[in-house]
Structures are given as C-alpha cells and as structure tokens.
Amino acid sequence: MLRRLYDWVMGLAASRHASKSLFAVSFAESSFFPIPPDVMLAPMCLAKPEKAWHYATLCTLASVLGGVLGYAIGFFLQDLGIWMMKVTGHAGGLEEFQCWYGKYGVWVILAKGLTPIPYKLVTVASGLAAFSFPMFIIASVITRGARFFLVAFVVKKFGPALLPVIERRLALFAGIFIALLVIGLAASHLLGGSGDAGACVA
C-alpha cells in the first residue's frame with residue numbers, strides 16, 4: 001500500500017494537476033486537513049527540481065491563506081474552534097489559549113510553524129486568543145516559507161542522489177516521519193496544557 005501511495009504521489013507530481021493538488025493540500029492542512037503538504041512537496045521537487053522554488057512558493061502562499069481560514073474559525077466560530085482544539089488534546093477551553101498567547105505570543109507561531117507540530121493548532125488558537133492578525137500573518141509567512149523552502153532546497157540539491165535511497169528505504173522514512181508527527185503532537189499538548197500555561201487556567 002505504501003509503495004502504491006508513493007508511486008501515485010510521484011505520478012501526480014508529474015501530472016498537469018500537480019500544482020493545483022499541492023495548493024489544495026497546503027491550504028487545507030493549515031486549518032483542518034491531517035496530512036502535511038511536505039509529503040507532496042518533496043516528491044514533486046524530486047520529479048521536477050527546476051520547479052522546486054515555484055512549488056515552495058505555492059506551498060507557502062496556500063498554507064498562509066489556509067492559516068487565515070483557521071484564524072477565522074477560532075475568531076468568529078469560537079465553539080467550533082474550541083471543539084477542534086479539544087479533539088487534538090487541548091481541553092482547557094478559551095481561557096487556556098488566551099493565557100497561552102499572553103505568555104508566549106509570537107513565539108508560539110514561530111516554534112510551531114517550523115516544526116512537525118500540526119500548524120492547524122496554532123492557526124485556530126490564534127483566532128481564539130484574538131492574537132494580533134498582522135503579526136500572525138508575518139510570523140506565518142516567515143515560518144511556513146522557511147520550512148517549505150528548506151525542504152525544496154534539500155531536495156533540489158540532494159534529490160537525485162537521495163531518490164534511490166528513499167525508494168529503497170521508503171518504509172523507514174515513513175516511520176521516521178510518523179514518529180516526528182507524534183513527537184510534535186506530544187510537545188504541542190505539553191505546551192498548551194502543562195507548566196506555566198496550564199497554571200493560567202482558572
């Protein structure tokens with residue numbers, strides 16, 4: 001199954017629908033979709049390294065626009081936003097997120113935008129906490145751009161040499177990626193629900 005999925009993504013990367021699919025995944029991942037765009041960005045850059053910067057720019061733009069949707073959900077649809085955060089392990093409610101941003105501010109976005117921690121958590125929480133929208137946009141552009149352009153750079157520079165290794169060790173790379181996601185979720189839960197942030201909850 002993993003091999004079929006990998007082959008399908010690589011085929012999609014070379015199709016005329018590649019850019020549209022990447023944009024859609026990047027946009028959706030910033031607010032509700034569970035799969036990060038990196039799983040498409042990397043093989044697409046491998047398939048067409050000459051378009052790596054184009055794909056990274058597309059990813060960044062779509063991700064930030066999706067982040068605006070996540071922010072809007074938290075800001076205008078608080079009940080839905082709180083429910084989404086509870087589903088991902090943040091059950092402290094609105095007061096927890098307001099305290100979270102009061103303590104960490106823009107560092108929350110800078111940290112989570114670059115790591116495997118799901119970015120959707122920070123977009124919805126930013127809206128819930130009524131965090132400065134201009135600052136949210138600036139931090140999102142910096143962190144998401146840095147992340148996607150780093151992926152594009154590594155794949156563009158080392159891609160041809162890495163491709164045979166990735167194909168031979170596909171299951172291992174998938175396992176490492178899943179482990180990073182689990183670690184990211186655990187770190188997110190600790191940041192949002194323990195320590196100083198947890199002490200802010202009445």
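User: Where is the place of Leu150?
Analyst: In this predicted model, Leu150 has its place in helix 9, the helix that spans residues 133-168.

User: Which residues make the nonpolar surface patch?
Analyst: Leu150 is one of them, together with Trp53, Phe149, Phe153, Val154 and Phe158, and the patch they form covers about 530 Å². Helix 9 supplies the largest share of that patch, with 5 residues.

User: Switching to charges, how many salt bridges turn up in the whole structure?
Analyst: A search of the whole structure gives 2 salt bridges. In one of these, the side chains of Glu29 and Arg144 come together, with 2.9 Å from N to O.

User: And which parts of the chain does that pair link?
Analyst: The pair joins distant parts, since Glu29 sits in helix 2 (residues 18-29) while Arg144 belongs to helix 9, and the two are 115 residues apart.

User: New topic: at what angle do helix 4 and helix 5 pack?
Analyst: Helix 4 (residues 52-76) and helix 5 (residues 78-87) pack at about 115 degrees, and their axes lie 5 Å apart. The two helices are therefore roughly perpendicular to each other.

User: Which residues meet there?
Analyst: From helix 4 come Ile73, Gly74, Phe75 and Phe76, which meet Gln78, Leu80, Gly81 and Met84 of helix 5. Sorted by class, this contact has 5 nonpolar and 3 polar residues, with no charged ones.

Terms used:
Residues numbered from 1 in each chain as written. Predicted model: local features only at pLDDT ≥ 70, side-chain atom pairs only at ≥ 80, totals over all residues. Heavy atoms only, no water. Axes fitted to C-alpha atoms, helices over the stretch in contact; angles between N-to-C directions. Helix = DSSP H or I, 4+ residues; strand = E, 2+ residues; numbered from the N terminus. Parallel < 35°, antiparallel > 145°, perpendicular 65-115°, else oblique. Contact = heavy atoms within 4.5 Å. Nonpolar A, V, L, I, M, F, W, Y, C, P; charged D, E, K, R; others polar. Patch = residues over 30% accessible without salt bridge, like charges linked within 9 Å, V, L, I, M, F, W, Y side chains within 5 Å. Areas by Shrake-Rupley, 256 points an atom, 1.4 Å probe, with all protein chains shown as cover. Salt bridge = Lys/Arg side-chain N within 4 Å of Asp/Glu carboxyl O.
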